[in-house]
There are 2 protein chains.
Amino acid sequence: MASDLEIARAATLRPIGEIAARAGIPEAALIPYGKYKAKVDFGFLAGQAAQREGKLVLVTGINPTAAGEGKTTTTVGLGDALNALGTKTMICLREPSLGPCFGVKGGATGGGYAQVLPMEDINLHFTGDFHAITSANNLLAAMIDNHIYWGNSLGLDERRITWRRGMDMNDRALRATVTSLGGVANGFPREDGFDITVASEVMAIFCLATDLEDLQARLGRIIVGTTREGVPVTARDLKADGAMAALLRDALAPNLVQTIEGSPALVHGGPFANIAHGCNSVMATKLGLSLADVVVTEAGFGADLGAEKFLDIKCRSAGLSPGACVVVATVRALKMHGGVAKAALGTEDVAALRRGMVNLARHVENMQKFGLPVVVALNAFTSDTPAEIAAVQEAMAALGTEAVHCTHWADGGRGAADLARAVLRRLEAGEARFAPLYPDSLPLAEKIRTVAREVYRASDVQIPSAIAARLRRFEEQGFAHVPVCIAKTQYSFSADPTALGAPTGHVLPVRDVRLSAGAGFVVAICGEIMTMPGLPRRPAAESIGLNAEGGIEGLF
Amino acid sequence: MASDLEIARAATLRPIGEIAARAGIPEAALIPYGKYKAKVDFGFLAGQAAQREGKLVLVTGINPTAAGEGKTTTTVGLGDALNALGTKTMICLREPSLGPCFGVKGGATGGGYAQVLPMEDINLHFTGDFHAITSANNLLAAMIDNHIYWGNSLGLDERRITWRRGMDMNDRALRATVTSLGGVANGFPREDGFDITVASEVMAIFCLATDLEDLQARLGRIIVGTTREGVPVTARDLKADGAMAALLRDALAPNLVQTIEGSPALVHGGPFANIAHGCNSVMATKLGLSLADVVVTEAGFGADLGAEKFLDIKCRSAGLSPGACVVVATVRALKMHGGVAKAALGTEDVAALRRGMVNLARHVENMQKFGLPVVVALNAFTSDTPAEIAAVQEAMAALGTEAVHCTHWADGGRGAADLARAVLRRLEAGEARFAPLYPDSLPLAEKIRTVAREVYRASDVQIPSAIAARLRRFEEQGFAHVPVCIAKTQYSFSADPTALGAPTGHVLPVRDVRLSAGAGFVVAICGEIMTMPGLPRRPAAESIGLNAEGGIEGLF
């Protein structure tokens, strides 16, 4: 069987100008980065009357398992299928992070015959957006320590600096550091650490900004730490916001690429879905909606994290109103949620499947709570049996939704044609009555409780009094109206990564809260959240290299 | 008077395809990065028969002073002037580092009417080359600590790791750090630190590599540290070379931009001129020579550092043979070398000028020692008086060289027409008899002594016995044949930055030696060498920002 890289290489790419023309983007608005990538110019974005008023379709999934679900692959396959059916469709994806490419993960550009191209470029430096975000993050960090070095007129407490440095690399050695060692010339030693770039608040800001002015305003609101008296110090206090915005200016223009079948895809931004909101940029999504009849986009992890944040943070902030939701599952992953070990997933087991289906069913119900019609995409594996597929379809029908078995991995858009038709039926029926889960006016602690109760189905939330006091402080500081961004494990509805299926009676423990004042949300940390991954024993990097023709091998 | 940024903005840029056509680069070989920047494809580089056999002109300077000399500006002005005279000329420059842009320095793309454009792009992320270099540097660092974390089968001694992390930022807090703190999951704590990207050996390798294969081979030879027994451990031992090469693949293609007057310029690579060799990439220089009749390029700092390394390291390694050398000076800077304070430089002072001219004279003689005909470019300031100009011209005539007063800053190429004619006369006379200063076969310590004696005019070199032993160890390890790269202050011929003019009787103290096995040289550290700058009290970053049209303000 051909690898993703081999399939990607065998594809014939069309010049990006041709893809742009198909998408309705004029040549003059195109900023090429090589022959097959381009950014779309701001002037065009701002000056252009919308060609269409696209409907927004969110692709989300069950809680991920080691069996794999294929959310990005399904997003691409669905977009290709819609285009093949004559519905003008734009695909909106996140940009992959460089770090994980060298670890275990490989690329993040779909798979099989449902990929965005050129895969090597998108998985490595692409158009440099993440590097720009890293630079902006680290310029602010340098200006913090430089401010202290030169007299600290703002009175920053070195012990209370919360801004961390960033790097787009899996490097556990940088999680906890001491910096400014070596004597007077190097500053005041303090504890510090690095997050991977996708975990930076700059990334979240980048993805929520509606234009350059909004970008700079948000950057200015970043709180980097406090004085001894607890008074917040911002990036604007340090006069860092302008230079940070300058570093991000070009990056903020969305990136256009193509799928194997030539569908246009905007791949732009990519925040973590735990301590940030986990979806692509507002700039790209809005551009897509102004150009296409349907925009298909994805959110990170399972629907409890990614979709909830997409709806409560991104859609709320940007005024977006999705028309439908696709929940991706596989027979194999559902069997894992039903207790089957990975080695046994190839064997038919309808009973285990039915047990595991509670996970899917709960995600479907949750999306319906947001007022969204749902279609289930059952991403095909060769081991799926007719009885297993029928069991899923039957259970989903009982929830008023349709489960469509799709083969886009092997067959491209053709394999997702039934899924596309099902999605179009729900869009055309105009059933969506989208509303965020909670009003802006709800107190922050109640927002956390609402998500825990309604989405995670927790029986209770544990908020220690010190943390409750900090939430009240955020409210007093003028951030009562912002949504909450809950950081918990992606593997379970609960905070326990081993509790698969649809756990009940669990308690959500809030261990820490942080104000992302620039992004415009309060992060509630519930469990161990890794903001700087490490490399495995045998990193993928060891196998990556160049072949005799200068092509890149070992990315997958 | 218009600022550099204002002048740059007022210029009308030509589409990069037009510039490429003028340079002889076909459309098919062009990889556009926006409308005014492009990379030139490897396939083209390799497959193309040389259109020309260009002559190479090095632009270097006196020891820099606070008065400013204008080496990049002169390189651009000379290139424009040569093109205007009908000599097909390519300009080859270094890429600016991002870090200093936010400090005091401002941009590094020339000045006045002798600039390369688009200046904001080139000074900020440009085509992402430095970000790729930073990533490759830090992937290796992550793989080192990851190797130790997972059992350290190579037996690396954590205390003897010499590979440092990198960042393209002026950040003194990162000079000396402790990493891997925080417990078992984060690795083994050790002392570490960051260098600015331009100081990384990866940058030096990038600039000396002749193709992708050579790049990867050099990366593999990088020594990251040793075992307890002193056995070197390389990037290839860690299997990091392939992934590093993959990260650098696209970056290795030279970048094409234009001057205000539309001359083609290759701006590619930019190593420090102290711990590295300080000139642009071999890839770009060779591309230029295959396309143009004359290639004008510059080297960092003064001729004692930049030119010496250009000639003894880059030209030796790449088999280049320059046809002439331009030494840039200003009347003001020469007066500073003659003891005049900065505030008094506006007043005519022929006596001080004559005293300071010893600095220029020695550099001219040094270049002549390498077998190169020399022209002196006297970069005009409005305060220059006829008597001062005449004094320089007279002194230079006595050395068999011509000093040409040029006004390219104010007048563009027209202002450097006389300089261009002087350079062409020397090239056409075919006087160059280039030879490096010392043969490959000389012992490493003798190579250091030769540079110190012949170029710095030191009376002696101090090499402590422990350091002499390390040099012998390098020789035993198979690196006897490599050139030396001396890292000392750029402000003086000596190791004392306050000894202006032409000091004699000084002793060069060798404080440390390091083997850059991948770059292919031994660094001799003579004095305090800063590999991670800091930001000043009022960083330029505080004034950089976006205007209402989204343009970048405050870069200069």
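These questions and answers cover a predicted model, in particular the contact of chain B with chain A and one sheet of chain A. Residues are numbered from 1 along each chain as written, and chains are lettered from A in the order written. Local features need pLDDT of at least 70, side-chain atom pairs 80 or more, while totals for chains, interfaces and linings use all residues; side-chain values use heavy atoms, without hydrogens and water.

User: How many residues does the contact take from chain B?
Analyst: Contact means heavy atoms within 4.5 Å. Chain A gives 68 residues. From chain B the contact takes 68 residues.

User: What area do chain B and chain A bury between them?
Analyst: Buried area is the accessible area (1.4 Å probe) lost by two parts on being put together, summed over both. Here 63% of it lies on carbon and sulfur atoms. The area is about 5600 Å².

User: Which residue of chain A forms a salt bridge with B:R165?
Analyst: A salt bridge needs a side-chain nitrogen of Lys or Arg within 4 Å of a carboxyl oxygen of Asp or Glu. The rule finds 2 across this interface. For B:R165, the closest N and O atoms are 2.9 Å apart, and the partner is A:D171.

User: In what order do the 3 strands of the open sheet in chain A run?
Analyst: Strands are DSSP runs (E, at least two residues), numbered from the N terminus. Two strands pair if DSSP finds at least two bridges between them. Strand 7 (156-161) and strand 13 (232-234) of chain A are the edges. The pairing is antiparallel, in the order 7-12-13.

Terms used: Helices (H or I, at least four residues) and strands (E, at least two) are DSSP runs, numbered from the N terminus.
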